[in-house]
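Hi there,

Here is the structure I promised to pass on. My notes on it follow below.

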Amino acid sequence: MSKAGALDLATGLGGKIDKSDVLSAVEKYEKYHVCYGGDEEERKANYSDMVNKYYDLVTSFYEFGWGESFHFAPRFKGESLRESIKRHEHFLALQLGLKPGQKVLDVGCGIGGPLREIARFSSTSVTGLNNNEYQISRGKELNRTAGVDRTCDFVKGDFMKMPFPDNIYDAVYAIEATCHAPDAYGCYSEIYRVLKPGQCFAAYEWCMTDSFDPHNQEHQKIKAEIEIGDGLPDIRLTGQCIDALTKAGFEVIWSKDLAVGSPVPWYLPLDTSHFSLSSFRLTAVGRFFTKNMVKALEFVGLAPKGSQRVQDFLEKAAEGLVEGGRKEIFTPLFFFVARKPHSGSQ
């Protein structure tokens with residue numbers, strides 16, 4: 001692991017939170033979740049604060065281990081994680097039928113890895129909507145480096161109250177982002193409002209599958225680990241997403257859990273029994289090195305107090321995700337394409 005990589009991680013830890021306040025932010029974030037006495041209604045009521053704290057705390061860890069695109073993908077045998085992630089983004093662009101020059105919205109865009117890839121792939125102009133200042137500043141920096149700052153931009157805003165006029169975008173997509181919404185119907189209704197009539201919205205959603213049993217304590221534990229480790233107020237069932245789309249006014253063209261039938265399990269990069277040189281930082285050995293590096297950086301004062309606590313709940317999330325995937329009770333790959341009718345107006 002390079003010295004530059006370690007320093008980049010240390011510099012970014014905590015995002016826009018003052019370095020002296022990181023530990024306090026970790027404690028406040030943890031208290032939103034079940035294992036620390038929090039409840040679902042409180043998380044939903046305070047989703048903006050909770051999700052902002054989460055991404056301030058974890059973005060540098062994500063970028064360090066995962067790259068610029070913070071999402072999973074179904075994989076073919078012989079395909080690297082990075083290749084599968086790019087193909088996953090291209091698949092979405094093709095399903096939306098994007099054409100050169102169109103205006104596209106990425107809802108909950110992170111630091112913009114997918115929007116840069118999709119803009120280059122489809123020759124479109126993509127706006128990323130994000131409510132986290134640190135991710136936006138990092139995304140703008142990466143846009144300039146990639147030379148796409150004229151066609152890709154960021155807008156700070158809440159996807160439950162979008163700062164855009166009606167009927168403005170030719171296409172809208174979300175990649176593992178609207179799972180942070182406290183209410184799927186409210187979020188999808190806003191997407192419906194800003195999308196032009198006759199155009200499409202496509203998304204990858206994090207969902208509990210029909211195999212999830214809410215009365216099974218082990219299932220509940222896995223769900224809670226995913227929620228605290230990934231900044232989620234709740235995790236919806238796949239059917240609830242479809243119901244919310246229909247209620248918002250969309251016509252659902254098709255939907256499918258893309259985890260089903262994937263030749264390589266989507267959770268393999270997080271599985272500690274798996275080793276890969278191309279994704280070394282995500283392996284058990286790589287995570288061991290990162291954990292000890294963060295511990296050392298925190299000890300000498302280069303990383304803020306609380307950094308190790310952040311890594312601990314990310315480790316818990318990884319365990320929950322792997323178990324959820326193995327038991328087939330959770331998927332991050334529920335995909336759908338939905339159209340706003342030509343007569344669409346609410």
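Contact here means heavy atoms within 4.5 Å. This is a predicted model, where local features need pLDDT of at least 70 and side-chain atom pairs count only at pLDDT 80 or more, while totals for chains, interfaces and linings use all residues. Residues are numbered from 1 along each chain as its sequence is written, and side-chain values use heavy atoms, with hydrogens and water left out.

First, the overall picture. The protein has 12 helices and 7 strands (DSSP runs numbered from the N terminus: H or I of at least four residues, E of at least two). Of its 346 residues, 59% are buried (under 20% relative accessible area, 1.4 Å probe, protein chains only).

Now to Thr124, which sits in the loop between helix H6 (113-122) and strand E2 (125-130). Thr124 counts as buried because its relative accessibility is 2%. Leaving aside residues up to four places away in sequence, Thr124 touches Leu98, Lys99, Gly101, Gln102, Val104, Ile118, Ala119 and Thr151. Its C-alpha atom is separated by 5.0 Å from that of Pro100, 24 residues apart along the chain. The side chain of Thr124 also makes a polar contact with the side chain of Ser122 (2.7 Å); such a contact is a pair of N or O atoms within 3.5 Å, one able to donate a hydrogen and the other to accept it, and residues adjacent in sequence count only if both atoms are side-chain atoms.

Finally, H6 also packs with a neighbour: Leu115, Arg116 and Arg120 in H6 meet Gly139, Leu142, Asn143 and Ala146 in H7.

Best wishes

Definitions and conventions
Buried < 20%, exposed > 50% of the residue type's maximum accessible area, 1.4 Å probe, protein only.
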